[in-house]
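The structure is shown first for reference.

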Amino acid sequence: MNTFRNHLNENLKDENFKNLYNQEIELSRISLKIHEEREKKKLTQKQLSKIAGITQQQLSKIENGISCNITTLIKTCKALNLRLEIV
């Protein structure tokens, strides 16, 4: 019987799969951080989106790990006083 972990480990041997998998992990990490910071500041999505100058739908997509453009991400992070860092 093949477990999920075994299946994942096997697929991670493929470089293309591994790169896409790591991108999804990073996107999830960013989405979760934005969601946590918004809740920590006791803001609704509607309130934060107004501060950031984006739509509530755009913010929802970010928090749900759906790809967004860099401008939207920058506006959101700036509104939360989060710093984006490229390493």
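1. Of the contacts in the chain between residues at least 6 apart in sequence, 46% join residues at least 24 apart; contact means heavy atoms within 4.5 Å.

2. The model is predicted: local features need pLDDT of at least 70, side-chain atom pairs count only at pLDDT 80 or more, and totals for chains, interfaces and linings use all residues. Residues are numbered from 1 along each chain as its sequence is written, and side-chain values use heavy atoms, with hydrogens and water left out.

3. The chain has 5 helices and 0 strands, in the order α-α-α-α-α from the N terminus. Helices (H or I, at least four residues) and strands (E, at least two) are DSSP runs, numbered from the N terminus.

4. The radius of gyration of the chain is 16 Å, whereas a compact globule of 87 residues would have one near 12 Å; the radius is taken over C-alpha atoms, and the globule rule is 2.2 Å times the number of residues to the power 0.38. Along the principal axes, the C-alpha atoms fill a box of roughly 50 × 25 × 20 Å.

5. Buried residues account for 23% of the 87 in the chain, where buried means under 20% relative accessible area, exposed over 50% and partly exposed in between (1.4 Å probe, protein chains only).

6. Which residues does Glu-63 contact, leaving aside its neighbours within four places in sequence? They are Ser-31, Ile-34, His-35, Arg-38 and Gln-45. Glu-63 lies in helix 4 (residues 56-63) and counts as buried because its relative accessibility is 12%.
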